[in-house]
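Work through the exercises below with the structure open beside you, and try each task before reading its solution.

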Amino acid sequence: MSRFYRTVSNKRQRERILPLLFVLSIIVSACGPTWFTTTSSTSRPITVELFFHSGQGAERAALNATLQAFNDSHPNIRVEAVQLPEGSYIDQVNVAAMSHSLPCLLDFDGPTLYNYAWSGYLIPLDKYVSSQMRADFLPSILQQGTYNHHLYSLGQYDSGLGFYANKQYLREARVRIPTINSPWMLSEFNDILARLKHVAGVQYPLDLNMYPPGGEWFTYGFSPFVESFGGDLINRSTYQSAMGVLNGPNAVAALTWFQNLFKQGYSNPWPASDTGFTFGHAALNWGGHWLYAGNYQALGDNLLVLPAPNLGKGAKTGMGSWNWGITSSCKTPDEAWQVLNFIMSPSEIARMTNANGAVPARKSVIARSQLYAPNGPLHVFALQLLGGMAEPRPITPAYPTITSAFSEAVVNIVAGFNVKKELDKAVQKIDQDLQDNQGYPTGQ
Amino acid sequence: MTLQLRARTNTKATLKRSRGNRKEQYLSWAFALPALTLLLIFLIIPFVLAISFSLTNQRLAPGPLPTSFVGLLNYTRLLADDTLRRALLNNSFFGIVVVPVETGLALFLALLLNQKIRGIAVFRTIYFSPVVTPLAVIAVVWSFLYNPSQGLINAFLQTISFGHLGPYTWLNDATLALPAIMFLSIWQGVGLYMIIYLAGLQNIPESLYEAARVDGAGRWQQLWHITLPQLRNTTFFVMIATTVQAFKLYTQVEVMTQGGPNNATTTVVWYMVNQSIRHLHVGYASAVAVVFFLIVLIRVIPILRYVVKAEKREV
Amino acid sequence: MALITRKVRASVPAHKKATHTPLLPSSRKYVRLALNYLLMSLLAIFFLFPIVFMIISSLKSNENQLLQDVTTVRALFPYGDLSLQNYDDAFERFPFGLYLFNSLVIVACIVTLGLLVNSLIAYALARMPFPGRKLILILIVVLVVIPFESVAVPLLLLVNQFPWFNGATTWINSYQVQIIPFIADAFSIFLFYQFFIDIPKDIEEAAFVDGASRLRIYWQLVVPLSRPVFITVAIWQFLTHIGDFLWPLMVTRGDTYRPLMVGMRIFFAQAPLHWGDIMAFASMITIFMLIVFLLFQRWFLRSVASAGITG
């Protein structure tokens, strides 16, 4: 008890400090927010708010340049861009949708668009897009943006997926260079991996970009393997169930083969970073167009870009990428369209695709692109898209569930769990979601 | 001790006065009002909302299908949910191991640091430093340390065991992932409880020890019969704090393992957040929240009894 | 052996701090002392190595070398190209200063307002006649159990509709949404309550007899006496909220109101991934926290000792 009697003598000091603190804190909390709140300008220019996923540095820079150019050339419209972290982008968009605070313009990764379209968050763009403009876009872009017979989005670029290869390692292992018409076959590929393992300097022959684990990459990058084995993520004739397809014999065979890649030491299941290929520890890198800039910077002329393998039922690769739409809560859709139209103009598409190495969405831009011209390094990606080897991810509002279920199954499969059991669990989750939402009826 | 005497004679007078004083009553409500209002608006009402959500199939962002009342459907689904069962198991396992280990280790460190030798303050600061580092930062650094092929921990184990131990896949191994997280949680938290024990130790009157030594008690007897009983309240507090920490486990799972591998590290709070924000099943997540609240509440009833006892002591 | 604990000799002063309870006996003093130091040093290494690893790695500007060193003892030693390059990169890519400022403003407001609000209600519960007092006490203890995550979504729906003084129609993306919901805290109230009921009533009774109002008693008498518990609660709340991540992520967009933890996670999710940059960001946060702690440590340690948690 003595502790109380000791401190009473300092009462005067305390008397002075605490009230002051109290008053200060009131001031800060009441006035603080108004000091720092940026009131949105209600003067002449109309503000269009925009969310975009903040991923690759070069992409961010290109988009910022595009928006700056727009602001400069359109004095009556001001674009306010908010960049959201890519990792939690969908979470934040969901929260925004829930609190009715979605912006006017928004970008989404590939097939996540359908859920928003089905939920009524987007307006169709049909009335804005002229038939001339339509003709210039890649068919895959239009297919990606179309849901329930309406066009809901446009993208500046489509994606390319294939092998990046270290030419020198391949030469040392005497590996055949594949072409679009003659890709690597399954047994040949297994043999190649075994040979590459013995090349000096190679720690793991195949870098599958396993870091960070999970996420959309696992679905985008690895479902082509499943499809090449003859399996799929969902029954595409009705989009009502994944039973027998995702856990069917082909899919199981595909993911068993995939699991063995790690068991046999051909790939590192849990690398600490994504630098295996660029630091020269891997001979092959299965990755998308976004890796081109980094890989080229690391390997220079030693870099080769090769087509997807044929694991049984034809070579399959991925497609689809980030695309833009206008929200139904937008109060100024016409102005928002002006922004979107500007973003989709050939010059701005060229600016973006030069920065991130993606396949330009407009044929006019492809023709002028250095990377994608017939003798350009990434021409193989364009060929894969035009040649029908690219398989779109499932076009259904159930996609978010499909991708999270598949991705999680792959994470567990890589950790060594039973392939059939994991796929059964994934199917159960997908089918449950379809059931909960009554099959995502499109009504009208 | 004249002050003590005064207390006793005034007690009756005090009781008489406070019982009849209306003004006091109004004032006491005024004192309590800010906190009560805030708690009502920002904790109680949302929780009630959550309960009401649990009886519907509320999605995070409403769509064309209307949110409808589904009664106890979420709760029945909950009972059959394997993931939730695993999460409860994980939380319980975490609590059963971490609470005694962290408490015991904190006590041990406090006893160790309660010596008057040179430089003891430096060690005290060092042992406390993990506590001031934000948990998210620690989770990121440790996930690097636990990396199977490029992690310091595996490298260390292999070196000291000449290659016999490991390499272990830690966060990707179903049996090692949760222990790995428990280890780093103890590492981060024990410093704080050590300080609390230290304070407790320093509050034990030296006279008790002197009397014991005079009576011929040895070191261990002093520890057992004086130190530990005197630290009973402190121990109680530390155990409550570590138990609450065990049940609220979220950050480490979110940053390091996302519940994997195969739900080995899924905790109830993490599962709840994942279901509502990522899978949009707000209705179901709310049901999980309600059930979890009830489960933890049952464990908290001893605290209630303790508080009520303290109440009686005060009156 | 008779139970000694209750027998306190009247001639010996009631309170002398027991600081000298050595863990190991004093015979063969120097060997024991050396073993003591050895044990404590090993423990020190155990507690320090991740932080040392983090800071050392942040100084290695060559990413390849950083990754190689990680599997050797060189991870804990400065080796190779050392520079502040990673710190430059981190600062360049992210407004670290803004995030830090936001975090500090938010936590300072939560802590100061919280001290006021929570201590007031605890005092009322501990000292003043209160119809329904027992019920409210039980309610407070029950509320301690509710994890924030279970009310996050409904709370979001609520705050989205609250107006604010500057004309805004929602609280989303502001300072107040990150402060006000956390001011009242059941655990703080509990800590204050435990302390207040231990204060001897005669001090207040003396003031009452002298004619002081209840408010004055609280403000000028009880609060100064309770400095220890105020500091303990302040530090507990500070440590709790400086690491807040989920709620700020849900309610902020853009950099203006974003606190440090959200900024950190964004940073860590950015491609290209450089462990050097990540370690630099993490180190900046940690070093800042360590400095704050070192400055206040003596204050804190003394307060915890008398804060009434221990009996």
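This is a predicted model: local features need pLDDT of at least 70, side-chain atom pairs count only at pLDDT 80 or more; totals for chains, interfaces and linings use all residues.

Residues are numbered from 1 along each chain as its sequence is written, chains are lettered from A and ligands numbered from 1 in the order in which they are written, and side-chain values use heavy atoms, with hydrogens and water left out.

**Exercise 1.** Describe the interface of chain B and chain A, and find its salt bridge.

*Solution.* Begin with the residues in contact, that is, with heavy atoms within 4.5 Å: chain A contributes 26 residues and chain B contributes 24 residues. Next take the buried area, the accessible area (1.4 Å probe) that two parts lose on being put together, summed over both; here this area is about 2,100 Å², with 53% of it on carbon and sulfur atoms. Then look for a salt bridge, defined as a side-chain nitrogen of Lys or Arg within 4 Å of a carboxyl oxygen of Asp or Glu. The rule finds one across this interface, and it joins Arg77(B) to Asp436(A), whose closest N and O atoms are 3.1 Å apart. Finally, on the side of chain B that touches chain A, twelve residues are nonpolar, nine polar and three charged, where Ala, Val, Leu, Ile, Met, Phe, Trp, Tyr, Cys and Pro count as nonpolar, Asp, Glu, Lys and Arg as charged, and the others, Gly among them, as polar.

**Exercise 2.** Which helix gives the most to the side of chain C that touches chain B?

*Solution.* Start from the extent of the contact, in which 124 residues of chain C meet 120 residues of chain B. The area buried between these two chains is about 11,400 Å², and carbon and sulfur atoms give 76% of it. The count of salt bridges between chain C and chain B is zero. On the side of chain C that touches chain B, the helix that gives the most is α1 (residues 29–58), with 16 residues; helices here are DSSP runs (H or I, at least four residues), as strands are (E, at least two), numbered from the N terminus. By class, this side of chain C has 96 nonpolar, 15 polar and 13 charged residues.

**Exercise 3.** What lines the largest cavity?

*Solution.* On a 1 Å grid over the protein atoms alone, a cavity is a set of points where a 1.4 Å probe fits but cannot get out, and lining residues have an atom within 4 Å of a point. The largest cavity holds about 1,500 Å³ of space, and 48 residues line it, with Lys248(B), Trp236(C), Thr240(C), His241(C) and Asp244(C) nearest its centre. Helix α11 (residues 227–242) of chain C gives the most to this lining, with six residues.

Technical notes. On a 1 Å grid over the protein atoms alone, a cavity is a set of points where a 1.4 Å probe fits but cannot get out, and a pocket is an open set with protein on both sides within 12 Å along at least five of seven lines; lining residues have an atom within 4 Å of a point. Grid points are joined across faces, edges and corners, and a volume is the space filled by probe spheres set on the points.
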